[in-house]
Amino acid sequence: LDQFTGVNTIIYAATQTETNLIAAADYVDTTVAHKVYIRNAGTSTSCTVEVDIDSTANEPLGKLYYNDWCFFPWMGTKDIDISTNEVGIKVEFAVISQSVVS
């Protein structure tokens, strides 16, 4: 793995429904899994961020509660989408990836 996006932050002005967070088209499909970090950095203890893999029917990965985070392998072939339950939720994310097919 030789590329790192840095930790990015987005504050959503409205609630989101299956909004693209990480686009597969931006990454090379490799035989090694990229790594993805996502954190619910919202300020409300009741805010949630649902994470799913975009496919024909979105496949849920899980729900991040206030100040919760996840780190998982990703092949880079499907978009990663999120849904939020409140206005003004802050989401942090980063991708560690490989730039060429191995």
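Does tryptophan 69 count as buried or exposed, and at what relative accessibility? I looked this up and found that tryptophan 69 counts as exposed, at 52% relative accessibility. For this entry I took buried as under 20% relative accessible area, exposed as over 50%, and partly exposed as in between, with a 1.4 Å probe and protein chains only.

I note that the model is predicted, that local features need pLDDT of at least 70 and side-chain atom pairs pLDDT 80 or more, and that totals for chains, interfaces and linings use all residues. Numbering runs from 1 along each chain as its sequence is written, and side-chain values use heavy atoms, without hydrogens and water.

**Aromatic pairs**

I searched the whole structure and found 2 aromatic pairs. Rings of Phe, Tyr and Trp (its six-membered ring) pair if their centres lie within 6.5 Å; planes under 30 degrees apart count as stacked, over 60 as edge-to-face, and the rest as tilted.

I recorded tyrosine 27 with tryptophan 74 as edge-to-face, because the ring centres are 5.4 Å apart and the planes stand at 75 degrees. Tyrosine 27 sits in the loop between β3 and β4 and tryptophan 74 in strand β7, so this pair ties together parts 47 residues apart in sequence. Strands are DSSP runs (E, at least two residues), numbered from the N terminus. I found both tyrosine 27 and tryptophan 74 buried.

Tyrosine 37 and tryptophan 69 form a tilted pair, with 6.5 Å from centre to centre and 40 degrees between the planes. Tyrosine 37 belongs to strand β4 and tryptophan 69 to strand β7, so parts 32 residues apart in sequence are tied together. Tyrosine 37 counts as buried, at 18% relative accessibility.

**Nonpolar core**

I then examined the largest nonpolar core, which has 21 residues. Such a core is a set of buried Ala, Val, Leu, Ile, Met, Phe, Trp, Tyr and Cys residues joined through side-chain atoms within 4.5 Å. Leu21, Ile22, Val36, Ile38, Trp74, Ile80 and Val91 touch the most other members. Strands that each supply at least two residues of this core include β3 (19–22), β4 (34–40) and β9 (90–97).

I listed the contacts (heavy atoms within 4.5 Å) of valine 36, leaving aside neighbours within four places in sequence; among them are Ile22, Phe72, Trp74 and Ile80.

**Open sheet**

I traced an open sheet of 4 strands in the order β3-β8-β5-β6, with antiparallel pairing. Two strands pair if DSSP finds at least two bridges between them. β3 and β6 (59–64) stand at the edges with a single partner strand each, so one side of each lacks a neighbour in the sheet. I noted 5 bridges between β5 and β8.
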